[in-house]
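Trainee: I would like to go through this model term by term. Please tell me what stands behind each word.

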Amino acid sequence: MNAPLTPNTQAILLLTAPLIIGRSDENTELLTLGEYNRLGRLLREKQKMPADLIGPDAGETTDICAVVFGRERLETLLGRGFLLSQAVERWNARARWVVSRADAGYPRRLKTRLKEDAPPVLYGCGDAALLDIGGLAVVGSRHVDEELISYTENVGRLAAEAGRTLISGAAKGIDRAAMNGALQAGGAVVGVMSDSLERGALARDNREPLMNKKLALISPYDPAAGFNVGNAMQRNKAIYALADAALVVNSDFEKGGTWAGAIEQLERLRFVPVFVRNGANVGKGNAALLQRGALIWPDPLSRTEFCEALSEAAAAVAAEPKQETLPFALRDQPLLYEIKNPGNTPTALQDEAKSGETKLPASQLLFGSVRNILRDELVEPKTEAEVAELLDVSISQAKEWLKKLVADGELEKLARPVRYRAAATGEDLL
């Protein structure tokens, strides 16, 4: 994917990336993720794109953004063109690629599931096509014994035999064992690194699978960036978002990145079903995750059992009732439909709703909830029958909603066979 950087990606790199090319790199006050999201909303309101900050209308666009972020800061960041060119030359020489949220090639799963938590920039090497086909995420501790390493390698081997991509964090211990097992069995692997992408891409064990398009290594952080605890925690979101299901091989109790990522997935994000290894020798952390809603990993012995375990878990999650997390109008105290307002400025309709003067009809409340469900669930395409089963409605009702959501640009309709998936919107792009 070593295509030239788009103007949008160039601008986003200038605003958010450290552009590390040596020990003496400048320490510039980069835009944080929250600040970049705010800038993206501001640009959308003005019908602008990040590229307009470095294009012919750069002065006008900078004037718009300087009110919020300060002119001197923006001009300093955007004035790093020479540093960017040096960084790009370094990346190209090492076969690294870069995509931003404004690029069509940015992984759909990260955009659709993480939304504004999706990293503004993603660095990588290897086959980027592996990022949007799902698979099994395998996570666990760095410091484990040989017995657990062997166990995890076998999980990776089964994933390869079942034709499922193995997704992990590429750290030593459980992550690397799962990846090694899959690669040794000829499977496809995605490694989401929190640091040292440059070093990982040059590792001897990774060279052949990278060349053979069996491995993709990605990172939200500069390829030369070192280890940072916060970064390691944050990348967990991406590991789960790229997967169809996840397995926690082992976890400490109430501490560490594996625990934090699993709890976040179980209790807040809920992207995928989360399995946990069970048995006589598991620790307190694994047992606690099972009590918090994780599923027992059935220890499949064949590719068939492996596929059945993942399919059954996905079906069970899809069948779970959604009403408690969405504003249906069938409750004792109906919730008012929340109008999306990127600028966080109360609209007249929101003001009226809050005061109780205006309430949207139940049909609008229900349709808004359906839209939210399908935007989150249709990361992977589903048929009309599958959508009807997901929503627990008739196929005719599902067809009616799907038709309207396609017309509204919320969903895309695919042919041969007819399926539907979440569309990338302007909100997703920047």
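**Caps, cover and pairing**

Mentor: Start at one helix end. D145 caps the N-terminal end of α7, with a side-chain oxygen 3.3 Å from the backbone nitrogen of E147. Keep in mind that this is a predicted model: local features need pLDDT of at least 70, side-chain atom pairs count only at pLDDT 80 or more, and totals for chains, interfaces and linings use all residues. Residues are numbered from 1 along each chain as its sequence is written, and side-chain values use heavy atoms, without hydrogens and water.

Trainee: What makes a pair of atoms a polar contact?

Mentor: Both must be N or O and lie within 3.5 Å; within protein, one must be able to donate a hydrogen and the other to accept it, and residues adjacent in sequence count only if both atoms are side-chain atoms. The 3.3 Å of the D145 cap is within that cut-off.

Trainee: What follows α7?

Mentor: G163 follows α7, and its phi is positive, near 75°.

Trainee: Why is N37 called buried?

Mentor: Buried means under 20% relative accessible area, exposed means over 50%, and partly exposed lies in between (1.4 Å probe, protein chains only). N37 has 7% relative accessibility, so N37 counts as buried. The residue sits in helix α2, residues 33-45.

Trainee: What does N37 contact, beyond its neighbours in sequence?

Mentor: Contact means heavy atoms within 4.5 Å. Leaving aside neighbours within four places in sequence, N37 is in contact with R101 and E116.

Trainee: Is E29 buried or exposed?

Mentor: Its relative accessible area is 54%, so E29 is exposed. E29 belongs to the loop between α1 (7-16) and α2. E29 still touches R73 and L77, not counting residues up to four places away in sequence.

Trainee: How do you know that α1 is mostly covered?

Mentor: Of its 10 residues, 8 are buried. Among them are I12, L13 and L14. The buried residues of α1 pack against α2, α4 (71-78), α5 (81-93), β1 (97-100) and β2 (121-126).

Trainee: How do you know how many disulfides the structure holds?

Mentor: A disulfide is a pair of cysteine sulfur atoms within 2.5 Å. The count here is 0.

Trainee: What makes two strands a pair?

Mentor: DSSP must find at least two bridges between them. β2 and strand β6, residues 215-219, are joined by 4 bridges, so they pair. They run antiparallel. The bridge partner of C125 in β6 is L217.

Trainee: What sheet do the strands form?

Mentor: An open sheet of 9 strands, in the order β1-β2-β6-β5-β4-β3-β7-β8-β9, with mixed pairing. Its edge strands are β1 and β9 (295-296), since each pairs on one side only.

Trainee: How do strands β4 and β5 pair?

Mentor: Strand β4, residues 166-168, pairs with β5 in the parallel sense, over 3 bridges. S168 has G191 in β5 as its bridge partner.

Trainee: How do you know that both faces of β5 are covered?

Mentor: In a regular strand the side chains alternate between the two faces of the sheet. V189 and G191 lie on one side, V190 and V192 on the other, and all are buried.

Trainee: Why is S194 called buried?

Mentor: S194 has 2% relative accessibility, so S194 counts as buried. S194 is in the loop between β5 (189-192) and α9 (197-202). A polar contact of 3.1 Å joins the side chains of S194 and D195. Leaving aside neighbours within four places in sequence, S194 has contacts including S219, Y221 and R235.

Trainee: What share of the whole chain counts as buried?

Mentor: Of 430 residues, 49%. The chain has 19 helices and 11 strands.

Notes
Helix = DSSP H or I, 4+ residues; strand = E, 2+ residues; numbered from the N terminus.
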